[in-house]
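I opened this notebook to record what I looked up, entry by entry.

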Amino acid sequence: MDDAQDAGRLAARALALVDIPSVSRDEARCAAYVADAMPSSLQVLFHDDDALLCATPRTPGRPFVVLAGHYDTVPAQENLPGRIEDGWVVGLGATDMKGGLAVMIELARWLDAEVPERAVDVGFLFFAREELPVAESPLPAVFAACPALREADLAIVLEPTDNAIQAGCLGNVNATLSFTGRAAHSARPWTGENAIAKAVEQLRPVVAVEPREVVIEGLRFVEVLSVTRINGGVADNVVPDRVEARLNFRYAPDRTPAAAEARLRELVGEAGALEITSNSGPARVAISTPVAERLRTAGPFAVEPKQAWTPVAQFSEEGLDAVNLGPGATRYAHTRDERCEIEALLATYRALQRFVAADAAS
């Protein structure tokens, strides 16, 4: 294997992907590029405008592993077009997660060109709209239309993880907490009831909620409640009669979505009227199976908790084991100077080659 040649190919692929704008809901060009780049030897199991799933031929008794990645990015921040600079691919989506897509494409092309004896069968799932609320995700439709996806023994989501396996993920509740008063002229505030004053008073115990630590299979998750936005008032001379605060509850994988909603209502108590606007469930920790252990040793990779929400939760909801593993640098995700190190691209690529090949030394 030629490290310099493979690193150059990975960097060029990642840069080509970066240079195709694909902000959420506008991924068609990127999706077409990916479909064209994938080798024709793979079996297409599902393909529509929102997703593509293709796979190596299945072998009875051999584990089936799906690599998954999303086309879309957050909006540009004057970081297009991309460039190669000092050993990094720089530009919108380089770390989240077009570097991961580049690894997926080049691994598929390696499997097509080299035809190594495999220890696992491999699927490649590309999909749209990951950066939007989960209600817009195409993954439930893919699961419904493609039973073969549910046969996966492990899904590897190539989100940025700095080349560590990040297992499980937090659940994510968004909610609105409303406070109602009575409007009045600000020169005579005693004739009304100031909803802002009520919010300040009643939010105090909410913002004071202590983080809760949960250890699952040796991994430490931290459950947290945050007030992320507050809005109220109509004019400088009006005592407002309504204030809305937005809450974000990141809950540990030991809770179900229903239990998380109940816990949030308990924490809020009588502090205003609570409306749950979205609830994305957590992913269970899945690192103890033989397939997951093979992945860990192929790196070798450190194993960490995922202190956030990612699509591994959607695989977990379908009863599948899933982990996050990708070359992207988490500190650069969604930033103006977003970038992915070329050495990290190569490290992920080599590890996945070792994981897939029957001869681990290959």
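**Terms for accessibility.** I call a residue buried when its relative accessible area is under 20%, exposed when it is over 50%, and partly exposed in between, with a 1.4 Å probe and protein chains only.

**What I am looking at.** The model is predicted, so I kept to its limits: local features need pLDDT of at least 70, side-chain atom pairs count only at pLDDT 80 or more, and totals for chains, interfaces and linings use all residues. Residues are numbered from 1 along each chain as its sequence is written, and side-chain values use heavy atoms, with hydrogens and water left out.

**The whole chain.** I took helices (H or I, at least four residues) and strands (E, at least two) as DSSP runs, numbered from the N terminus. The chain has 9 helices and 18 strands. Along the principal axes, its C-alpha atoms fill a box of roughly 80 × 40 × 35 Å. Of the 362 residues, 52% are buried. I then looked at contacts, meaning heavy atoms within 4.5 Å. Among contacts with a separation of 6 or more, 78% are between residues 24 or more positions apart.

**Salt bridges.** How many salt bridges are there? I counted a side-chain nitrogen of Lys or Arg within 4 Å of a carboxyl oxygen of Asp or Glu. That rule gives 26 salt bridges.

**E106 and its partners.** I looked up E106 and found a salt bridge with R9, where the closest N and O atoms are 3.1 Å apart. This pair links distant parts of the chain, with E106 in helix α3 (residues 94–114) and R9 in helix α1 (residues 3–18), 97 residues apart. Is E106 buried or exposed? Its relative accessibility is 2%, so E106 counts as buried. R9 is at 34%, so R9 counts as partly exposed.

E106 also forms a salt bridge with R13, and here the closest N and O atoms are 2.7 Å apart. R13 is in helix α1 and E106 in helix α3, so the pair ties together parts that are 93 residues apart in sequence. R13 counts as buried because its relative accessibility is 14%. I noted that E106, R9 and R13 belong to a network of salt bridges that also links D3, D6 and R350.

**R58 and E151.** The next pair I looked up was R58 and E151, whose side chains meet in a salt bridge at 3.0 Å, N to O. Both sit in loops: R58 between β2 (51–55) and β3 (64–70), E151 between α4 (139–145) and β7 (154–157), and the two are 93 residues apart. R58 has 36% relative accessibility, so R58 counts as partly exposed. E151 has 45%, so E151 counts as partly exposed too.

**Helix α3 against helix α9.** I fitted axes as lines to C-alpha atoms, for helices over the stretch in contact, with angles from 0 to 180 degrees between N-to-C directions. Helix α3 and helix α9 (residues 342–356) pack at about 40°, and their axes are 10 Å apart. I used these classes: under 35 degrees is roughly parallel, over 145 roughly antiparallel, 65 to 115 roughly perpendicular, and the rest oblique. By these classes α3 and α9 are therefore oblique to each other.

Which residues make the contact? From α3 they are G99, V103, E106, L107, W110 and L111, and from α9 they are L345, T348, Y349, L352, Q353 and V356. I sorted residues with Ala, Val, Leu, Ile, Met, Phe, Trp, Tyr, Cys and Pro as nonpolar, Asp, Glu, Lys and Arg as charged, and the others, Gly among them, as polar. The contact of α3 with α9 divides into 8 nonpolar, 3 polar and 1 charged.

**Backbone entries.** Most residues other than glycine have a negative phi, and most peptide bonds are trans. I looked for departures from this.

- The peptide bond from D96 to M97 is cis, with omega near -5°, and M97 is in helix α3.
- The peptide bond from G299 to P300 is cis, with omega near -10°. P300 lies in the loop between α7 (290–298) and β16 (303–305).
- E78 has a positive phi near 60° and sits in the loop between β3 and β4 (83–85). At 76% relative accessibility, E78 counts as exposed.
- R129 has a positive phi of about 60° and is in the loop between β6 (121–127) and α4. At 17% relative accessibility, R129 counts as buried.
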